[in-house]
Structures are given as structure tokens and as C-alpha cells.
Amino acid sequence: MGLPLPVPDRGELARLQRYCWPGNIRELQNVLVEAMVSTPPGVSLRFNLDMEAGAVPDAACHAERKDGISLTSDAVLARHYAEVLESCHGRIKGDKGAAAILGINPSTLRFRLKKLGLIGPKNGHDR
């Protein structure tokens with residue numbers, strides 16, 4: 001647009017760094033684009049983090065229940081995937097596999113399981 005690039009102040013950058021991003025990089029991109037579009041020239045960027053669906057403050061992202069079980073989104077997702085895999089006897093593909101039950105592609109499930117540390121690089125290859 002030919003306008004000077006707006007710059008956030010240190011406090012706003014710190015808010016971005018402290019924020020728990022439960023989704024993917026697109027959430028961060030949307031916050032940045034919204035801030036750049038809505039900020040008048042010559043004004044420091046302000047990020048509207050509360051408007052992002054599913055985003056939670058950092059403290060809530062790392063919260064634990066009283067019984068000591070982690071409530072991070074990755075921990076909850078890992079526990080859910082592990083329970084579904086167990087109910088499928090470790091099967092990922094097929095009509096009775098975990099991917100079908102979860103409604104996702106088997107390769108997507110394998111990627112997520114590896115990312116969460118539930119299977120190693122060679123585990124679950126042809127299940």
C-alpha cells in the first residue's frame with residue numbers, strides 16, 4: 001500500500017510472546033494482519049488477542065488440575081488420541097481404525113501422533 005510499516009512497542013511484543021497459541025501459525029498471522037490493517041499511520045501496533053477464537057491466555061494454557069494432570073491443549077489431545085488408539089488396539093487405518101473414529105486422514109493422525117510423541121518415526125507405519 002506504500003505506507004510505512006507500523007511497529008509494535010515492546011509491551012505488545014511481550015504479549016505476543018507470552019500468549020499461548022493453541023492453533024497453528026495462521027492464528028498469529030491473522031492477529032498481525034488485523035493489527036496492521038486497523039492501526040492508523042504513525043501509531044504503534046496493538047494486537048487484539050481476545051478476538052481470536054480458541055486462543056487463551058498463557059497462564060490458562062499451562063494450567064493444571066488439582067490432581068496434577070496437565071491441561072495444556074497438547075496434553076489433552078495426546079490423552080484423547082491415546083484412548084482412541086487403545087480402543088482400536090493401535091490400529092490407525094481402516095473402517096475400525098482411530099483415524100476413521102476421529103474423522104481425520106490416517107496420515108494426518110500419524111503426523112499428529114508423532115508430534116505428540118505417541119508413536120516413533122517407524123511406529124504405526126502400516127497400521
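Predicted model: local features only at pLDDT ≥ 70, side-chain atom pairs only at ≥ 80, totals over all residues.
## The largest core

Let's start inside. The largest nonpolar core has 10 residues: Y81, V84, L85, C88, I92, A98, A99, L109, L113 and I119. Helix 4 gives the most, with three residues.

Leaving aside neighbours within four places in sequence, L113 is in contact with Y81, L85, I92, L118 and I119. Apart from this core lies another, of seven residues, and L16, Y19, F47 and L49 are among them.

## Helix 4

Helix 4 has 15 residues, and its first and last C-alpha atoms are 21 Å apart, close to the 21 Å expected at 1.5 Å a residue. Its buried residues are A78, Y81, V84 and L85. Seen down the helix axis, these buried residues fall within an arc of 130 degrees, so they line one face of helix 4. The pattern has a simple background: an α-helix has 3.6 residues a turn, so residues three or four places apart point the same way.

What do the buried residues of helix 4 pack against? Their partners are helix 5 and helix 6. On the face turned away from the buried side, helix 4 carries the exposed residues E86 and S87.

## Helix 2

Helix 2 (25-38) has 14 residues and reaches 20 Å from first C-alpha to last, close to the 20 Å expected at 1.5 Å a residue. Here the buried residues are E27, V31 and A35. They cover an arc of only 70 degrees around the axis, which puts them on the same side of helix 2.

On the other side of helix 2, the residues I25, R26 and V37 are exposed. Helix 1 (10-18) is included in what covers the buried residues of helix 2.

T39 is found in the loop between helix 2 and helix 3 (58-61). Is T39 buried or exposed? T39 counts as buried because its relative accessible area is 14%, under the 20% cut-off.

A polar atom of the T39 side chain lies 2.5 Å from the backbone oxygen of A35, and A35 is itself one of the buried residues of helix 2. Not counting residues up to four places away in sequence, T39 also touches S44, L45 and R46.

Note on methods. Residues numbered from 1 in each chain as written. Heavy atoms only, no water. Core = buried A, V, L, I, M, F, W, Y, C linked by side-chain atoms within 4.5 Å. Buried < 20%, exposed > 50% of the residue type's maximum accessible area, 1.4 Å probe, protein only. Helix = DSSP H or I, 4+ residues; strand = E, 2+ residues; numbered from the N terminus. Contact = heavy atoms within 4.5 Å. Polar contact = N/O pair within 3.5 Å; in protein donor to acceptor, adjacent residues only side chain to side chain. Expected span 1.5 Å × (residues − 1). Arc of directions from axis to C-beta.
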